[in-house]
Amino acid sequence: MGKILATGGMGYIGSHTVIELINRGYEVEILDNLFNSKVEVLDKIEKIAGKKPVFHQVDMTDAEGVEKVFAEGNFDAVIHFAGLKAVAESVKKPLEYYETNIGGTINILKSMKSHNVKKIIFSSSATVYGEPPASGILDETLPTGRTISNPYGRTKYMIEEILKDFSVSNPDFEITILRYFNPVGNHESGLIGEDPNGIPNNLMPIIMKVSKGEIAELNVYGDDYDTRDGTCIRDYIHVVDLAKGHILALEKSKQGVSVFNLGTGTGTSVLEMVNAFEKASGEKLPYKIAPRRPGDLAMLCANPSKAERELGWKAEHVVEDAMRDTIKYLRNA
Ligand code: WQD
């Protein structure tokens, strides 16, 4: 099946994908600086998947450290998750985001080239689309990069452009860009889950902290949007579905650059997420309606038909499954 290097493989999406890779018979090594993850995840991966990946605690901005991993690795492909991903933080620290996300990716690509590793799956984001069309439904033919509202999103867009340029100069490389919508949930064992270091930005980790009493109440950022209940609608995709999408992308990889949305195609509002969490936990979740968050858009949903058509991939879980698994993780933690 081959040997895969998962950069950022100790993180939320990375660790779930590493488990699916091991389940499929791949040999996996992880390169991660543990900035937004914990070393304990390695033992949890072993407990779930029965194998402990080789772990390199390396920052991808350390070109020598990256080169050493590739020199010894003999990899068949890279799945590139590593990167800073907090939207609000990126506004305050743009240089750190450009240096890490773009500089680090260039180091990865240079080492791939020098060691003939010709297959990469890149963890991108729906944020590269910027402002959506009036429908709020995004497909891969839409333009990217024009109206992105933050440095984090721009790093994802710029890396996609770098990959396209790299492909022109290296036509034998197989490059797949996966644009995630809103990942939620966790492995059914409840042993691993979204557990960001520091103050989270995203809805689900904040709901989890409110549920644990670490945050007093959830601020629902605006209930005056033009949506069915006035709160923003997003395409929440179960992280295990997302992980399985990477396996199919790896196995259907081809020369040139391929781009796929990974979303469910179904939208859920903030209040519907709160209600779904309450139903799964059996407890009320304290929240209040707060002012809109700058930059938020009323509705963002994937058109996932290209991944279904070309990868044979379709999300199998629904929001209720993600809430059930999240509760299990909370009760396990
Ligand atoms: C979802 C909805 C908020 C927190 C971001 C990035 C995107 C991707 C996913 C990496 C919005 C509302 C949130 C809270 C709330 N990340 N909300 N109260 O903004 O859709 O996308 O994360 O690739 O790039 O932009 O996700 O989870 O921050 O917000 O009401 O305390 O929940 O207004 O409508 P978002 P989110």
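Author: On a 1 Å grid over the protein atoms alone, a cavity is a set of points where a 1.4 Å probe fits but cannot get out. The model here is predicted, so local features need pLDDT of at least 70 and side-chain atom pairs pLDDT 80 or more, while totals for chains, interfaces and linings use all residues. Residues are numbered from 1 along each chain as its sequence is written, and side-chain values use heavy atoms, without hydrogens and water.

Reader: Okay, how much space lies in the largest cavity?

Author: The structure holds one cavity of 30 Å³ or more. Its volume is the space filled by probe spheres set on the points, which are joined across faces, edges and corners. For the largest cavity, that gives about 40 Å³.

Reader: And how many residues of its lining are charged?

Author: Lining residues have an atom within 4 Å of a point, and here they are Tyr12, Val184, Gly185, Asn186, Glu194, Met204, Met208 and Thr326. Ala, Val, Leu, Ile, Met, Phe, Trp, Tyr, Cys and Pro count as nonpolar, Asp, Glu, Lys and Arg as charged, and the others, Gly among them, as polar. The lining has four nonpolar residues and three polar ones, and the number of charged residues is one.

Reader: Now the ligand! How far is its oxygen atom from an N or O atom in the side chain of tyrosine 152?

Author: Tyr152 is among the residues that come nearest to the ligand, along with Leu203, Asn219, Arg234 and Asp296, out of 19 around it (near means a heavy atom within 4 Å). Serine 125 also has a side-chain N or O atom 3.0 Å from a ligand oxygen. For the side chain of tyrosine 152, the distance to a ligand oxygen is 2.5 Å.

Reader: Which element gives the largest share of the shell around the ligand?

Author: A backbone N or O atom of asparagine 219 sits 2.7 Å from a ligand nitrogen. With four residues, the largest share comes from β9.

Reader: How many of the shell residues are charged?

Author: Sort the shell around the ligand and you get 10 nonpolar residues. Another six are polar, and the charged ones number three.

Reader: Is leucine 34 buried or exposed?

Author: Leucine 34 has a positive phi of about 60 degrees although it is not a glycine, and its place is the loop between β2 (27-32) and α2 (40-49). Buried means under 20% relative accessible area, exposed over 50%, partly exposed in between (1.4 Å probe, protein chains only). Because its relative accessibility is 18%, leucine 34 counts as buried.

Reader: And asparagine 116, buried or exposed?

Author: Asparagine 116 is in the loop between α5 and β5, and has a positive phi of about 55 degrees although it is not a glycine. Its relative accessibility is 55%, so asparagine 116 counts as exposed.

Notes. Polar contact = N/O pair within 3.5 Å; in protein donor to acceptor, adjacent residues only side chain to side chain. Helix = DSSP H or I, 4+ residues; strand = E, 2+ residues; numbered from the N terminus. 1 Å grid on protein atoms, 1.4 Å probe; cavity = no way out; pocket = protein on both sides within 12 Å on 5 of 7 lines; lining within 4 Å.
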